[in-house]
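Please set out a careful report on the structure shown below, covering its domains, its helix packing and a few individual residues.

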Amino acid sequence: MKAAAIQDVKKFAIIDIPKPTPDNSKVIIEIIKTGICGSDIHNWVAGNPKGLVMGHEFTGKVIDKGSRIDLNIGDRVTALPISPCGHCEACESGNMQYCSETWTHAIGLSLDNPGGLTDTIAVRPDMVLKLPDNVTDEEGAMIEPTAVGLHAIHLADIKVGDKVLIVGGGIIGLVSAMFAKLEGAEYVAISETNIARGKKSVTLNVADEFFDAKDPNFIKNIYTKVPKGFDKVIDCSGNSKAVESGLMSVKVGGTIVLVGVSSKPIEFLSVLAVMKELTIKGAIAYTKEEFKKCIELIANKKIDVMKFVDDIVPLEDTQKAYERLTNGIDDAVKILVDPKK
Ligand SMILES: NC(=O)c1ccc[n+]([C@@H]2O[C@H](COP(=O)([O-])OP(=O)(O)OC[C@H]3O[C@@H](n4cnc5c(N)ncnc54)[C@H](O)[C@@H]3O)[C@@H](O)[C@H]2O)c1
Ligand SMILES: [Zn+2]
Ligand SMILES: [Zn+2]
């Protein structure tokens with residue numbers, strides 16, 4: 001079957017890979033839609049690992065239920081793409097997101113478990129979740145990034161009336177902004193280097209204001225608007241400049257949550273954190289409860305994730321979609337791939 005695999009720096013190749021065969025263990029899922037994530041973009045930019053078939057945000061149809069006797073052939077499902085061990089301290093505390101095994105065999109993020117940029121995948125039974133009828137195929141592919149935002153917001157511990165800055169208006173930033181409002185934030189701003197994305201965050205009504213991170217007066221502009229600084233900052237960019245801008249914008253005694261990931265060392269003036277007695281937290285993925293909560297919120301129409309979907313493209317256009325998401329001027333934040341298109 002056809003798959004889009006990393007071939008080189010910023011380059012996909014459409015290759016042929018074996019279709020998974022039912023073996024009564026894994027759930028075999030035919031992909032309906034799969035999302036492109038900012039983390040996938042890091043791999044594509046690096047051109048590594050070569051041969052990786054990405055796509056860890058997906059909706060599919062069960063074609064073999066493996067050990068999941070509760071499922072039916074044809075059921076629409078999604079899954080947590082992770083591979084926690086299930087018995088370490090992290091797993092037993094309900095925090096399998098930081099189990100040391102969680103990413104080793106993750107779907108679409110490890111060479112031994114191809115993701116949704118193909119026709120059919122095999123998924124660990126305990127990670128598969130059935131989608132309610134009122135969650136569409138497209139919404140199903142949006143659950144994973146939505147859960148990332150929900151987890152970040154839980155860690156930020158937003159209080160009613162808080163002023164919150166989200167650094168980076170990609171999909172993770174937009175979803176985090178949406179949840180910050182739902183948690184009761186009085187004012188939510190997004191800073192962006194991509195002006196089109198920044199403006200869109202306001203048009204989509206998830207942010208009250210956009211700050212141009214490239215403006216020489218960027219930090220001054222923030223303090224003009226929020227003189228005491230932000231109560232909470234969530235970095236959804238993952239680079240030194242972004243993190244430092246967050247540290248400069250957060251108020252004394254405030255909290256900054258780091259969601260953005262970087263393969264390079266992050267440099268920032270640590271004296272900012274020292275002098276303000278900041279709390280700096282990392283946020284990785286989500287708990288299973290948060291993932292399920294996102295399904296529920298979408299099913300009950302409490303959140304609208306479809307407003308973030310810009311396009312749905314065939315597998316052959318994966319390369320073009322990645323280029324569009326990284327050109328720095330386009331306002332697109334989320335593109336889904338439909339391998340059947
Ligand atoms: N911790 C986790 O569990 C987790 C999960 C998913 C994604 N991520 C990471 O979160 C980040 C965001 O994901 P995404 O899918 O939204 O990615 P994305 O690449 O679409 O968005 C990042 C945005 O940050 C903006 N940006 C870059 N430098 C900036 C700066 N100095 N100031 C303000 N904005 C700046 C970019 O223009 C871009 O729009 C990525 O690093 C991704 O790898 C982390
Ligand atoms: Zn993702
Ligand atoms: Zn574990």
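## Basis of the description

Helices (H or I, at least four residues) and strands (E, at least two) are DSSP runs, numbered from the N terminus. This is a predicted model, in which local features need pLDDT of at least 70 and side-chain atom pairs count only at pLDDT 80 or more, while totals for chains, interfaces and linings use all residues. Residues are numbered from 1 along each chain as its sequence is written, and chains are lettered from A and ligands numbered from 1 in the order in which they are written.

## Loops and backbone geometry

Pro-49 is placed in the loop between α1 and β4 (58-64), and the peptide bond that joins Asn-48 to Pro-49 is cis, with omega at about -10°.

Two asparagines have positive phi values. Asn-24, in the loop between β2 (11-16) and β3, has a phi of about 65° although it is not a glycine, and Asn-24 counts as exposed because it has 9 C-beta neighbours inside 10 Å; a residue is buried if 20 or more other C-beta atoms lie within 10 Å of its own, exposed if 12 or fewer, and partly exposed in between, with C-beta atoms placed from the backbone. Asn-205, in the loop between α6 (195-203) and β10, has a positive phi near 70°, and Asn-205 is exposed, with 12 other C-beta atoms within 10 Å.

## Domains

The protein chain is divided into domain 1 (2-142 + 305-338) and domain 2 (147-282), with bounds that come from an automatic or database domain assignment. Taken over C-alpha atoms, the centres of domain 1 and domain 2 are 27 Å apart.

Twelve residues of domain 1 are in contact with eleven residues of domain 2, where contact requires that the C-beta atoms of two residues, placed from the backbone, lie within 7 Å. On the side of domain 1 that touches domain 2, helix α1 (residues 38-46) gives the most, with four residues. That side of domain 1 divides into four nonpolar, four polar and four charged residues, on a scheme in which Ala, Val, Leu, Ile, Met, Phe, Trp, Tyr, Cys and Pro count as nonpolar, Asp, Glu, Lys and Arg as charged, and the others, Gly among them, as polar.

## Helix packing around α4

Helix α4 (residues 143-156) packs against helix α10 (residues 288-299) at an angle of about 115°, with their axes 9 Å apart; axes are lines fitted to C-alpha atoms, for helices over the stretch in contact, and angles run from 0 to 180 degrees between N-to-C directions. The helices α4 and α10 are therefore roughly perpendicular to each other, since angles under 35 degrees count as roughly parallel, over 145 as roughly antiparallel, 65 to 115 as roughly perpendicular and the rest as oblique. The residues of α4 that meet α10 include Leu-150 and His-154, and those on the α10 side include Phe-291 and Ile-298. By class, this contact of α4 with α10 has seven nonpolar, three polar and two charged residues.

The axes of α4 and helix α5 (residues 171-182) come within 8 Å and cross at roughly 55°, which means that α4 is oblique to α5. Among the residues that meet here are Val-148 and Ile-153 in α4, and Val-175 and Phe-179 in α5. The contact of α4 with α5 divides into ten nonpolar, three polar and no charged residues.

## Helices α7 and α8

Helix α7 (residues 218-225) and helix α8 (residues 240-249) have axes that come within 10 Å and cross at roughly 30°, so α7 is roughly parallel to α8. Phe-218, Ile-219 and Ile-222 of α7 make the contact with Ser-245, Met-248 and Ser-249 of α8, and by class it has four nonpolar, two polar and no charged residues.

## Two strand residues

Ile-31 belongs to strand β3 (residues 27-35) and is buried, with 23 other C-beta atoms within 10 Å. Leaving aside neighbours within four places in sequence, Ile-31 is in contact with residues including Phe-58, Thr-118, Ile-121 and Pro-339. The C-alpha atoms of Ile-31 and Thr-21, ten residues apart along the chain, are separated by 15 Å.

Glu-209 lies in strand β10 (residues 209-212) and is partly exposed, with 17 other C-beta atoms within 10 Å. Not counting residues up to four places away in sequence, Glu-209 touches Ala-189, Val-202 and Lys-225. Glu-209 and Gly-198 are eleven residues apart in sequence, and their C-alpha atoms are 8.6 Å apart in space.
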